[in-house]
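Let's take a walk through a protein fold together, one piece at a time. Have a look at the picture first, and then we'll start with a single side chain.

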Amino acid sequence: METSLELDVLIYPDEVRIATPEELIEWELETASQVSEPTVRLFVALYPYNPAAMSPNYDTAAEELPFVPGQIIKVFGDKDCDGFYHGESGGLYGYVPSNMVTEIPVDDEYLKHLLMQQGFLPVDNTGINPSDIGSIPDDAIVRRMVALFDYDPWESSPNMDSEDELGFRAGDIIYVLGEIDQDGFYYGDLKGRRGLVPSNFLQPLPWD
C-alpha cells in the first residue's frame, strides 16, 4: 500500500524548497492583508428614523438601523437598488435609508476613528430659511451646508484679515451665498451673521 505525503513548498527563481511553519504563517498573514475590504465611509443622520413606524419595507423593518439626528453611522460599500446602505452605529448593524443621511467626507483614518468614538455630530435644523435671506442678488446661488468641525478664525485662519470670517461650531447650518473664491472661502450666513467661511470645513445638505 502506497502512502502519499503532502508538503508545502516555496518556489523561488533559483530554487524550490520545503516551507517552514513560520514561513507558512507569515505567508497566510500577508495573503489575508491583501484581501480587499469593502469601502467604509462615515455618514451623519439628518432626521430621526424609526424603522418600525417609518420603513417602507414592513417585512424587513427589523433589519433596518434606527437613528436620531446627528448620529454618526459607519457605512459599508454602496447603496443597494432600493436606496439603502448597510451600516453600523453603536454596535448595531442594519440597513440605512440613503435619503435620511449625508456623507462626512473624511479620508483620514485617525479622524474617522475619533468621529466614531464621538458617536454624534450636532445637527441644528433650525436657523434661517432661504426666504429669510435678504440683500442677495436674484441670480446668486444659495447652498445649505453643515459645518463638520469647529472653526475659530482667530486661531485657525490662514488670512491676515480674519475679522471678515465667521466662527462656527460643528453641526451649525450655514447658508452659503454664491461661489467659492480663489482662496477657497465661501461667503456665508449663520443665523443672521455673515462672513467668509472655509469651504473644506463644510458639507452640502439637501433642502428640507
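Start with Tyr 93, which is exposed, with a relative accessible area of 54%. The cut-offs behind that word go like this: buried means under 20% relative accessible area, exposed means over 50%, and partly exposed is in between, using a 1.4 Å probe and protein chains only. Before going further, keep in mind that this is a predicted model, where local features need pLDDT of at least 70 and side-chain atom pairs count only at pLDDT 80 or more, while totals for chains, interfaces and linings use all residues. Residues are numbered from 1 along each chain as its sequence is written, and side-chain values use heavy atoms, with hydrogens and water left out.

Now for the ring partner of Tyr 93. Phe 76 counts as partly exposed, at 23% relative accessibility. The ring centres of Phe 76 and Tyr 93 are 6.3 Å apart and their planes sit at 20°, so this pair is stacked. Here is the rule: rings of Phe, Tyr and Trp (its six-membered ring) pair if their centres lie within 6.5 Å, and planes under 30 degrees apart count as stacked, over 60 as edge-to-face and the rest as tilted. Phe 76 belongs to strand β4 and Tyr 93 to strand β6, so the pair ties together parts that are 17 residues apart in sequence. Those element names come from DSSP runs numbered from the N terminus: helices are H or I with at least four residues, and strands are E with at least two.

So what sheet do these strands belong to? Five strands form an open sheet in the order β6-β5-β4-β3-β7, with antiparallel pairing. At its edges are β6 (92–97) and β7 (101–104), each pairing on one side only. Two strands pair if DSSP finds at least two bridges between them. Strand β5 (residues 84–89), for instance, is joined to β6 by six bridges, and Phe 84 stands opposite Pro 97 in β6. Helix α3 (residues 109–118) lies across β3 (40–45), β4 (72–76), β5 and β7, at about 40° to β3. For that helix, contact means heavy atoms within 4.5 Å; the axes are lines fitted to C-alpha atoms, for helices over the stretch in contact, and angles run from 0 to 180 degrees between N-to-C directions.

Back to the rings for a moment. The pairing rule gives seven aromatic pairs. One of them is Tyr 49 with Phe 67, stacked at 5.4 Å centre to centre with 25° between the planes. Tyr 49 lies in the loop between β3 and α2 (51–54) and Phe 67 in the loop between α2 and β4, so this pair links parts that are 18 residues apart in sequence. Tyr 49 is buried at 4% relative accessible area, and Phe 67 is buried too, at 3%.

Strand β10 (residues 185–190) is mostly covered, with five of its six residues buried. Six bridges join β10 to β11 (residues 193–198), and Tyr 187 stands opposite Leu 196 in β11. In the hairpin of these two strands, two residues lie between them, and Lys 191 takes a positive phi near 50°.
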